[in-house]
Each structure stands twice: as C-alpha cells, then as structure tokens.
Amino acid sequence: MSRVLVVGAGLTGGACAALLPRGARGPAAVWDKARGAGGRMSTTRGDLGSADLGSADLGAQFVTCDTDLAGPRHSFYEELLSHGVLKPLTAPVEGMVVREGSCNYVAPQGISSVVKYYLKQSGADVLYEQHVTHISLRDGKWEVSRKVGLPERFDVVILTIPVPQILQLQGDIVNIINESQKQQLESVSYSSRYALGLFYEAGTRIDVPWAAQYITDNPCIRFISIDNKKRNIESPEVGPSLVVHTTVTFGSEYLDSDLAEVQQIILSHLERIVPSLPKPSSIKCHRWRYSQVTKAVPNCPGQMILHTQPLLICGGDGFTRSNFDGCIESAVSLAEAVKSHL
C-alpha cells in the first residue's frame, strides 16, 4: 500500500487529493503550514471568539466560470453547485468587468468551503500547522521533515505550494531538481497584495448601496466587499464583515513592512472612501506575498515531475494560472501522473 503526501491544502492540493486513485493506496495525507484549509481561498473569523462576529474571504472573492468553455471542468462546477457549495453571484458589484459568456459564483459558507469540500471527499488525513522544511531520499522512500514533529516517510510526495516555497525546501530535493528545472521554476513570478478583514457585532449597519466595489482611483485600495452581503447571507444574529484588497503596486511597495503599519495606512485610505464606516470589533491584516501568478512555469502545463522512482511531483497555479480552472487543471494533471506511477 503506497503512502501519498500532498503538501498544501489549497484548491489544487484539496482537489488533487480527492482525485487520487484509491485502489493502490491508503488515505492520502495532506499537510499545510497554516491553521486551516484554503490556501489563497481562505476564510477567516474575527479574533474575539464572539459567536456574533461573522467570517470574511481574505483571499479569492469569486469563482468565475467561462460558460462557453467546453470540456470536463464543467463537471466540477456542476458538482459544487448541486451540493450548495457555490451559488450564483446576485449581489451588486460596482466596477466589475463581466466577460461575455462567463458566470460568477460565490461560496455562501466562505470561499474556503470549496477546498474543505474536496478534502472531505478525499478521505485524506489532513494536518495543519505542518511546515515542511526538508525532503530527502531514504531507502527508496521520501523522508519529509517539518518544523515540529518527527520526520515521516512516503512513497509519493505531491507539492502544491507556491513555486518559490518549493525552491526554499532543503535536503536531497536541492540536488534532485536539475538545472533546467531550476531555471524554469525560478522564472515564475507572482503579484503581491494585502487583505484587510473588518468584523462587526450583530446589529451593526454598513450603509452603502453595493455589496462590493472595484476602486480605480486610489493608490492603496483596489477592492472593497461587504462580505456577508456579497455572499447573500445577511442575518440579524451575525455581524457584517468587510474585506479590503490593496492594489498590487501598494502590495509590492510595502511587501516587507510591519503589518500594524500597513494596517493603519489601509484604514486611513478606507476612511476616505467610506467615511461613514462604523468602528469594527476586530481587524485582521494578511500579507499575500504570492497572491496571483503573473508568469507561470513555461512548457509544463499543470505539473512537473522532479523524480520518478519514488515519485516527487509539483503543481499548482504556478504551472497554469491563478483561477479555479487553473487550479483544477493542475489537480487533474497531478492525479493522472500519480495514477500512472502507482
């Protein structure tokens, strides 16, 4: 029975775990360094532990489907819609450019519920706060070390973390990645941005006519969303939450700045855009160092095999593009490659 490890519990990792063939292996293991599932499809709650504080999508906001796109990926949308994980976006979004033939969806339970759905379908043993640091060959298996906990051995390792984090791994993997592969991986680039979540107590009113708005004339803020309104889940028992995404330019300029300092700058710009905003009960600021892929790995659609026996393979949106289709395309490619090696 083969032991399979998926590193990364984002959309690619979750979907890949669900797609892996089960006949030749036991349940896969999924490790992620974060405290919960989602990766860049993360949903978070306010800090106060109060039941009336809502949640907020700090990463991806929508899932966009090109409805004129023929092919097997439509079955993924249909499955998520049939289970209520996704629903059509009906709330007003100012400044949104809708491509002809496309349809936007939201996740009523938060965007991370998409990833959680796939992880549940996979039957995988999912562990969080598992920061992988070393991958080395030991007796024909991969010995995977993490910051906390003993090393474990696996027959197959699938890396779905951002490409720069793959290149930061230590151990035998440093020499296993050949020069050509290293050059390809190093050519990948990402945009960076910050996200701010503001959480309010039940009964708080945010008086704006929109559920979300794209901002075009501010050097700091690109997008604002009243998250519960965007997801169409307004409730008198749960307070509203507001999400702010910065511009890429701002994200790059302040990439290594102190989070508290960045938070204050964003709040000062937000106050000018929405001066009537009430004081939140809780605020969270998140740095997306690897927000969206601006240049993917060339000539490796979906995945790259780093070592065949035992199998070490990597994938993710860095090998396709940063949207739902790109992550699913990589997950399918990864699962097919693993199937052919088991």
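The model is predicted, and residues are numbered from 1 along each chain as its sequence is written. Local features need pLDDT of at least 70 and side-chain atom pairs count only at pLDDT 80 or more, while totals for chains, interfaces and linings use all residues, and side-chain values rest on heavy atoms, with hydrogens and water left out.

Strands of a sheet pair through backbone hydrogen bonds, in either a parallel or an antiparallel sense. Here, six strands form an open sheet with mixed pairing, in the order S9-S2-S1-S13-S20-S19. Strands (E, at least two residues) and helices (H or I, at least four) are DSSP runs numbered from the N terminus, and two strands pair if DSSP finds at least two bridges between them. At the edges lie strand S9 (125-127) and strand S19 (303-307), each of which pairs on one side only. From one strand to the next, the twist averages 20 degrees, where axes are lines fitted to C-alpha atoms (for helices over the stretch in contact) and angles run from 0 to 180 degrees between N-to-C directions.

Three bridges link strand S1 (residues 4-7) to strand S2 (residues 29-31) in the parallel sense, and Val6 stands opposite Val30 in S2. Strand S13 (residues 156-159) runs parallel to S20 and is joined to it by four bridges; Leu159 has Cys314 of S20 as its bridge partner. S19 and S20, in turn, pair in the antiparallel sense over four bridges, with Ile305 partnered by Ile313 in S20. A hairpin of three residues joins S19 to S20.

Strand S20 (residues 311-315) is largely enclosed by the rest of the structure, because five of its five residues are buried; buried means under 20% relative accessible area, exposed means over 50%, and partly exposed lies in between (1.4 Å probe, protein chains only). In a regular strand the side chains alternate between the two faces of the sheet. Both faces of S20 are covered, with Leu311, Ile313 and Gly315 buried on one side and Leu312 and Cys314 on the other.

Helix H1 (residues 11-19) is also largely enclosed by the rest of the structure, since seven of its nine residues are buried. These are Leu11, Thr12, Gly13, Gly14, Ala15, Cys16 and Ala17. Their cover includes S1, S2, S13, helix H3 (112-122) and helix H10 (324-341).

Two further residues deserve a look. Ser191, in strand S14 (residues 189-199), counts as buried at 8% relative accessibility. Leaving aside neighbours within four places in sequence, Ser191 is in contact (heavy atoms within 4.5 Å) with Val248, Trp288, Arg289, Tyr290, Ser291, Gln292 and Thr294. Cys285, in strand S18 (residues 282-295), is buried with a relative accessible area of 15%. Leaving aside neighbours within four places in sequence, the contacts of Cys285 are Tyr194, Ala195, Leu196, Leu259, Val262 and Gln263. Gln264 lies 21 residues from Cys285 in sequence and 9.8 Å away in space, C-alpha to C-alpha.
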